[in-house]
Amino acid sequence: MEHVVEMLNITKAFPGIVANDDISIQLRKGEILALLGENGAGKSTLMSILFGLYTPDAGTIKVFGKTVNIANPNVANALGIGMVHQHFKLVHNFTVTENIVLGMEPHVGPFLKTRDAAAKIRALSKHYGLNVDPDAKIEDVSVGMQQRVEILKMLYRDAEVLIFDEPTAVLTPQEIIELMKIMRNLIAEGKSIILITHKLKEIKEIADRCTVIRRGKVIGTVDVAGTTSAQMAEMMVGRQVNFNVDKPAKQCGDVVLEIKDLRVQSSRKTEAVKGFSLTVHGGEIVGLAGVDGNGQTELVEALTGLRHVESGSILFQGQDIAHHSIRDRIRAGMAHIPEDRQKRGLVLDYTMEENMVLEIYGLPPFAKRGFLQKPLIRAYAEKLMQDFDVRAGEGSLSLARGLSGGNQQKAIVGREVAHDPMLLIAVQPTRGLDVGSIEYIHRRLVEQRNSGKAVLLVSLELDEIMDLSDRIAVISHGELTGLKYPKETNEGEIGLMMAGVAEGAHQ
Amino acid sequence: MNRARDLFTALMAVFLGLVAGAIFMTAIGANPFAGFFYLFRGGLMSISRIGDTLSTATTLILTGLAVAFAFRTGLFNIGVAGQMLVGGLVATMLALTIGESMPKYLFIPLVLVCSMLAGALWAGIAGLLKAAFNVHEVVATIMLNWTAFWVVDYIIPTFFKAGLETESRTILSDASMRMDWMNRLFDGSHVNFGLFVSISAVIIIAIILDKTVLGYELKAVGFNHHAAEYAGIDVARNVTLAMAISGALAGLAGATYYTGYTLNMQIGVMPTAGFDGIAVALLGANSPWGVLAAALFFGILHAGKGLMGANTSIPPEIGDTIIATIIYFAATSILFFKLFDYLKKKFKKGGQA
């Protein structure tokens with residue numbers, strides 16, 4: 001069996017932690033090898049070593065059978081190794097072609113000559129079914145298209161080995177299907193792929209083999225076809241994982257949130273939410289499904305007070321709060337797990353103890369006569385972090401910036417749930433998290449419901465919506481296109497509603 | 001840990017600035033040891049020299065604090081000079097009108113409050129423009145600098161001129177911040193009540209930033225206004241308030257400078273201390289205590305460069321060059337951060353082996 005890349009006995013230590021402990025992986029020609037592990041398991045470190053961003057403390061790397069020393073990303077590129085990073089590295093006001101040739105610009109004297117490059121890009125795009133317009137500007141194209149530009153960047157540089165770092169984290173369900181198709185095309189053309197992920201479904205769907213890493217060590221490499229998702233999950237987290245959330249029969253309570261004919265504008269001053277109505281009761285989780293960019297963000301921002309409401313009403317426990325301040329809504333019992341945890345959810349340069357009181361720092365007992373009561377805040381934060389299993393190097397004194405994504409998210413969930421809110425609006429609460437954290441956060445959301453509180457779950461992941469919701473609302477182009485009980489519907493039907501095929505809404 | 005790193009950075013910047021000064025002195029054929037001897041002697045050799053150092057530092061502490069406070073709340077107040085002028089103008093006007101007929105213990109608090117309000121209002125305009133219309137505070141405060149400049153240019157000659165067209169009457173000692181006992185203690189130097197004002201300001205600002213609800217909100221807005229907004233903090237109010245507080249400090253700087261140090265107000269001069277405050281804040285890593293230390297250090301250099309010029313062939317501009325070089329190194333502090341982390345790692349490794 002021909003191996004295109006072999007990483008043998010790689011060890012890499014950082015102060016206080018061995019990120020990679022004697023790890024070996026082998027990539028065969030023409031296969032997709034999945035690298036599965038929780039956040040912080042050492043996947044990214046390993047790939048950074050392969051891409052020349054870190055030097056390993058010990059171990060050897062072989063590319064096409066030859067031992068190589070990858071000192072920097074240029075060496076990796078020259079060896080035919082390319083990486084699609086999770087956060088794209090594109091210049092937004094450049095065209096696709098300009099981005100792809102960046103760093104190796106074709107020129108005649110001092111003048112840029114992109115025509116030939118554009119032709120090559122067009123040919124590559126057609127060959128692999130990428131459907132990219134070389135003349136489009138990055139700022140005008142979708143996230144999925146941006147990712148395909150990143151793929152083209154590697155193909156343009158004749159990469160044979162492609163590393164995808166969590167490629168689906170930013171994609172809509174449709175775009176994920178497209179990406180899978182592209183990856184199959186790449187394999188058909190003889191390329192080899194390493195797929196870093198923690199989504200078992202994707203591995204089952206596309207990968208040939210899967211190497212599982214836990215706490216810096218290889219747990220094993222399995223053939224995907226002969227292994228169940230549950231087995232892989234167990235290898236990843238080291239214990240059995242319960243995918244099905246236990247939910248006792250529904251005891252629906254009073255109406256907590258009633259949205260009536262709500263209209264909200266987007267930042268570009270177009271109507272994003274067009275006469276949307278929905279009720280959420282105590283003791284139920286209402287899942288809002290939809291393709292990204294169909295008005296969910298604007299709807300949530302209107303509900304939480306971050307965005308101005310044009311018309312319509314938001315009745316929260318019977319009172320119209322459509323024009324109340326954010327703080328009034330929080331005080332009235334509304335909590336919000338925001339879509340972007342680093343932008344909205346945390347002050348990254350504040351310590352965890354400061355972040356854990358982000359909404360209540362000014363209330364007794366945490367403030368007295370305008371002075372913060374630091375010991376009380378610390379005790380409160382430490383208790384929350386313990387209760388919600390938030391792990392941080394220096395405990396409550398760690399800067400939020402230093403925590404892993406999963407721990408940041410658990411901290412936010414903990415903080416919001418601790419307010420004991422009547423309504424919890426959870427937006428993409430498990431985006432980019434590992435199985436263990438997802439399971440944990442799901443359990444917390446259901447606990448909230450079981451205690452009689454209302455939960456509005458907004459997610460792009462249909463599985464999450466199907467698993468957790470008592471009722472599913474579907475939004476498309478800012479309108480409610482369906483309202484269903486999970487038992488009475490299926491992914492196909494919901495998918496159609498997400499695409500805008502309305503269905504007689506009923507309750 | 002960050003504090004250690006900031007201190008390391010500041011000391012490295014100072015050290016490299018002095019080295020650069022030594023190189024310049026050598027280059028013009030002077031003895032750098034003699035140069036530094038007179039530079040520091042000039043700032044510290046006698047009680048009256050120390051008084052001069054302190055009176056220069058008084059203004060720098062307040063302007064440095066104004067800049068640092070704005071930085072901590074995510075704003076760049078480049079208009080400290082203008083706010084100083086406005087605060088100083090109000091203080092001078094009070095001193096030349098009702099100052100002489102009021103007891104000092106009532107008059108000084110009145111001057112302090114009014115100059116703070118004036119500075120706060122002036123900077124508050126920029127804060128309000130930022131909060132309401134997203135006008136960048138750098139642009140707004142620079143324009144307000146010149147507005148203040150021309151307001152002074154009109155008011156002083158029109159209402160308060162003495163013999164000369166270009167300056168106001170001199171403020172009598174009864175209406176100034178000079179204190180007889182301080183003058184006596186410091187052997188006739190210009191040191192004045194402003195010193196206590198500036199040190200109190202350091203303490204108060206340190207408390208506001210570290211211990212209060214207000215400081216928590218202001219810093220949260222500065223670090224991440226999206227998260228602050230999410231948490232229900234009124235971002236617009238906090239931006240305006242942060243600028244106003246920064247301006248109040250600048251106003252105090254103006255009051256203490258014009259009614260404590262110069263004792264009159266000239267037209268056509270933009271006070272350089274307003275811009276030196278940026279350097280002080282930078283070297284002091286935007287911490288109130290760091291600002292205090294940096295301002296005292298710059299105070300020595302300012303007060304000492306005259307003696308250096310008198311006793312050696314080194315021009316006093318070398319003093320300014322040293323300050324400029326220190327600012328340069330403080331501004332490129334990221335280099336020292338890296339050096340600090342590298343040294344720390346190396347030190348730790350060495351310790352383990």
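Biologist: Which residues of β21(A) point one way and which the other way, and are they buried or exposed?

Modeller: This is a predicted model. Leu423(A), Ile425(A) and Val427(A) point one way from β21(A), while Leu424(A) and Ala426(A) point the other way. These residues are buried on either side. In a regular strand the side chains alternate between the two faces of the sheet.

Biologist: What makes strand β21 of chain A mostly covered?

Modeller: Buried means under 20% relative accessible area. Five of the five residues in β21 (423-427) of chain A are buried, so the strand is called mostly covered.

Biologist: How do you know that β18(A) and β21(A) pair?

Modeller: Two strands pair if there are at least two bridges between them. β18 (residues 334-337) of chain A and β21(A) have four bridges, in the parallel sense, so they count as paired. In one of these contacts, His336(A) has Ile425(A) as its bridge partner.

Biologist: Why is β22(A) called a pairing strand of β21(A)?

Modeller: The cut-off is again at least two bridges. β21(A) and β22 (residues 454-459) of chain A have five, also parallel, and therefore they pair. Val427(A) has Val458(A) as its bridge partner in β22(A).

Biologist: What makes up the lining of the second largest pocket, by residue class?

Modeller: The lining residues divide into eight nonpolar, seven polar and six charged. Glu counts as charged and Val as nonpolar, so Glu229(B) and Val235(B), two of the residues nearest the centre, fall in those classes. The pocket has a volume of about 540 Å³.

Definitions and conventions. Residues numbered from 1 in each chain as written. Chains lettered and ligands numbered in written order. Predicted model: local features only at pLDDT ≥ 70, side-chain atom pairs only at ≥ 80, totals over all residues. Heavy atoms only, no water. 1 Å grid on protein atoms, 1.4 Å probe; cavity = no way out; pocket = protein on both sides within 12 Å on 5 of 7 lines; lining within 4 Å. Points joined across faces, edges and corners; volume = space filled by probe spheres on them. Buried < 20%, exposed > 50% of the residue type's maximum accessible area, 1.4 Å probe, protein only. Helix = DSSP H or I, 4+ residues; strand = E, 2+ residues; numbered from the N terminus.
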